[in-house]
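Student: I have a model to go through and would like to know what stands behind the terms used for it.
Tutor: Then ask about them one at a time.

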Amino acid sequence: MFSPLRISIYGFKGLTLLTSNLGTAQPDVVVNCAALSVPRACEADPAAAMSINVPSSLVKWVLSFKEKNILLIHLSTDQVYEGTKSFYREEDETLAVNIYGRSKVEAEKFISANCSNYAILRSSIIYGPQTLSPVPKSLPIQWIDGVLSKGDKVDFFYDEFRCPIYVKDVVVIILALTTRWVTGEFSIQLDATPMQLLLNLGGPDRVSRVQMAETVADSRGYDRSLINPVSASSVDRGVNSPPDISMDTSKLIKTLKISPTSYKDGVKLTLAIQ
């Protein structure tokens, strides 16, 4: 049983404590999920966004080990894309429209320039059941379920599109990358070349906020008339938001032989556990 170690995401303070707890061992894989991921908060404090979202201290820590064969799996975001078309591919230009997206672009550049082995996962909205240790932020499906259950009419955007991914699919994908790295399967397949992957991490469905809410309503038996479609431009959120950052995930499916859960099925699984 491991005792939790608290590491500050502001400069990743506490990494030396982690090193001392590892003793002479070194990790095979490091998964970085740390982020200031609320776009409005990033807009309010760009310096904090860059400090937290560009993991320079974490990368330096990874590189401090004598053996340089550590795989860094880094969660990025679909908000690196500009949002002017549908189904972005990994090779498309990154033109983020807000500080959050720009900080993630800088993180990707820093990792690819300094790490020999990495997998950067550009994640869409991650949804699923509440964690064993509840997270403080509102979870998407739970929030939609909660507001519709009150029977009041609620505004949802009809003109913003994402490819939400079920959280257990994210876990399966990270485990698949980890297993391939630890067992050497990836190196064997690619003639012992380093792992340097950039993958879109999304579900198979391009959905608007209205469609997300409709799926929850149908699963719960709520009246769809409670969902009021509005344009994203009608609301001032204090931050620019890309209108369509749906992603092509064919590279993910081809590389890992994993097909993510449909949004409809993921919602059913989420609500069944609540």
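Student: Which residue in β2 stands opposite V29?
Tutor: In this predicted model, V29 stands opposite L71.

Student: What makes β1 and strand β2 (residues 71–77) a pair?
Tutor: Pairing takes at least two bridges. Four bridges, in the parallel sense, join β1 and β2, so the two strands count as paired.

Student: Why is one side of β8 left without a neighbour in the sheet?
Tutor: The open sheet has four strands in the order β1-β2-β3-β8, paired in parallel. β1 (29–32) and β8 stand at its edges with a single partner strand each, so one side of each has no neighbour in the sheet.

Student: Why is strand β8 (residues 196–201) described as largely enclosed by the rest of the structure?
Tutor: Because five of its six residues are buried.

Student: Why does T255 count as buried?
Tutor: The cut-off is under 20% relative accessible area. T255, in helix α10 (residues 250–256), has 19%, so T255 counts as buried. Leaving aside neighbours within four places in sequence, T255 contacts R180, L197 and L199. R180 is itself among the buried residues of α7.

Conventions
Residues are numbered from 1 along each chain as its sequence is written. This is a predicted model: local features need pLDDT of at least 70, side-chain atom pairs count only at pLDDT 80 or more; totals for chains, interfaces and linings use all residues. Side-chain values use heavy atoms; hydrogens and water are left out. Buried means under 20% relative accessible area, exposed over 50%, partly exposed in between (1.4 Å probe, protein chains only). Contact means heavy atoms within 4.5 Å.
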